[in-house]
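Here is a friendly walk through the fold, meant to be read with the model open beside you. Take the sections in order, or jump to the part you care about.

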Amino acid sequence: MSQLIPMEQKMIRFNGADILGVKANDGKIYVGVKWICKGIGFDKNHSDAQVKKIQSDVVLNKGASNLTLPTNGGNQEVLTIELDFLPLWLAKISITPTMQSEQPEVAERLIEYQLKAKDALAQAFLPHERVLTQMEILATITQRMAQQEREEIERKRREAERDLEVKSLQAGFTTLTDNLTAVPDAAKIVDLINEYSRWTRMGHNEIYNRIYDIMKDQHGISVLERVHREREKINAERIQKTGRPYAESTLKKMVNGIDVMVRMGVLDKFYAILVGLLAKAKQERLFP
């Protein structure tokens, strides 16, 4: 955030007292806290308490700024509050029964400041612009607070999603490590094919054929050709014995790719390719 620089400074007469007003380089108007307290009639203890309240209050603090201003004693740092926050600050000052009975004039001035001070200051700096009412100012501040709360909720939601993604990826890496060190068998192959299908929405036959193509390209192994030859062989034996061939569905049950790869001694290669494809699919889904 850039440093606030006073551009225009003036004393505004209000209710028999002078109030320091400053227009800064951000276009906003700031009010001297000390002058407000003095104008209301607060003693030093009460004024100091209000300064601490503004500095510690989670909302009021957002409108408070220390500006370096020329005074009779030279340049001094002055606590100011943004004009839009003035009504909220004054509204938080309670008019107690004790104040009403022991300091009725202070109570009356406080009411005047709560109702009219903001408008008087705005008019001094913005004579040709419409002055927001007290309710409009409070509504604006409420909207700011609601927006900040929504942004905080959204930030926490994004952090929670990120944490979930990291945990999922860690689980995926753990699964990858476990699978790479495991001894492949038909049951593990089927489980991983099902998992890969869930992550990619691919059909089982499409997955098998994709891996068969990779095996042929990388290792020169044609599983489908071996499956076809074995099916032709047992079918020919069946025809020779009975005169009738096996049904296609029966042939597929009798000779399948996994059994053929076991007999060829290449199931581990199929398994390694499948594990790699699954890990890649998870990474692409989690971190597109």
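Strands β3 and β5 run antiparallel and are joined by 3 bridges. Within this pair, V31 stands opposite I81 in β5. Please keep in mind that this is a predicted model.

On its other pairing, β3 (residues 29-32) meets β2 (residues 17-24), again in the antiparallel sense and over 3 bridges. Here K23 has I29 of β3 as its bridge partner. The hairpin of β2 and β3 has 4 residues between the strands, and G27 takes a positive phi near 85° in that hairpin. Which residues of β3 are buried on its two faces? I29 and V31 are buried on one side, and Y30 and G32 are buried on the other, so that both faces of the strand are covered.

## The whole sheet and its edges

Stepping back, the sheet is open and has 5 strands, paired antiparallel in the order β1-β2-β3-β5-β4. The edge positions belong to β1 (6-14) and β4 (64-71); each has a single partner strand, so one side of each lacks a neighbour in the sheet. On average, neighbouring strands are turned by 40° against each other, with direction ignored. Helix α1 (residues 33-40) packs on this sheet and touches β1, β2, β3 and β5 (74-82). The direction of α1 makes about 50° with that of β3.

Setting aside its neighbours within four places in sequence, W89 is in contact with V33, I36, C37, Q50, I54, L60 and I81.

Now turn to α7 (residues 186-200) and α8, whose axes come within 10 Å and cross at roughly 110°. That angle makes α7 roughly perpendicular to α8. On the α7 side the residues that meet the partner helix are I189, I193, N194, Y196 and S197, and they face H204, I207, Y208, R210 and I211 in α8.

How do the next two helices compare? The axes of α8 (residues 204-219) and α9 (residues 223-242) come within 8 Å and cross at roughly 110°. They are therefore roughly perpendicular to each other. From α8, the residues N209, Y212, M215 and K216 meet V223, L224 and E225 in α9.

## Two loop residues with positive phi

N15 lies in the loop between β1 and β2. Its phi is near 55°, a positive value in a residue other than glycine. Is N15 buried, partly exposed or exposed? With a relative accessible area of 39%, N15 is partly exposed.

R201 sits in the loop between α7 and α8. Although R201 is not a glycine, it has a positive phi of about 65°. At 65% relative accessibility, R201 counts as exposed.

## The chain as a whole

The secondary structure comes to 12 helices and 5 strands. Of the 288 residues in the chain, 34% count as buried. The accessible surface comes to about 17,700 Å², and 51% of that area belongs to carbon and sulfur atoms.

How much of the contact pattern comes from residues 24 or more positions apart? Among the contacts in the chain with a separation of 6 or more, such residues account for 58%.

Notes. Residues numbered from 1 in each chain as written. Predicted model: local features only at pLDDT ≥ 70, side-chain atom pairs only at ≥ 80, totals over all residues. Heavy atoms only, no water. Pairing = 2+ DSSP bridges. Axes fitted to C-alpha atoms, helices over the stretch in contact; angles between N-to-C directions. Contact = heavy atoms within 4.5 Å. Buried < 20%, exposed > 50% of the residue type's maximum accessible area, 1.4 Å probe, protein only. Areas by Shrake-Rupley, 256 points an atom, 1.4 Å probe, with all protein chains shown as cover. Parallel < 35°, antiparallel > 145°, perpendicular 65-115°, else oblique.
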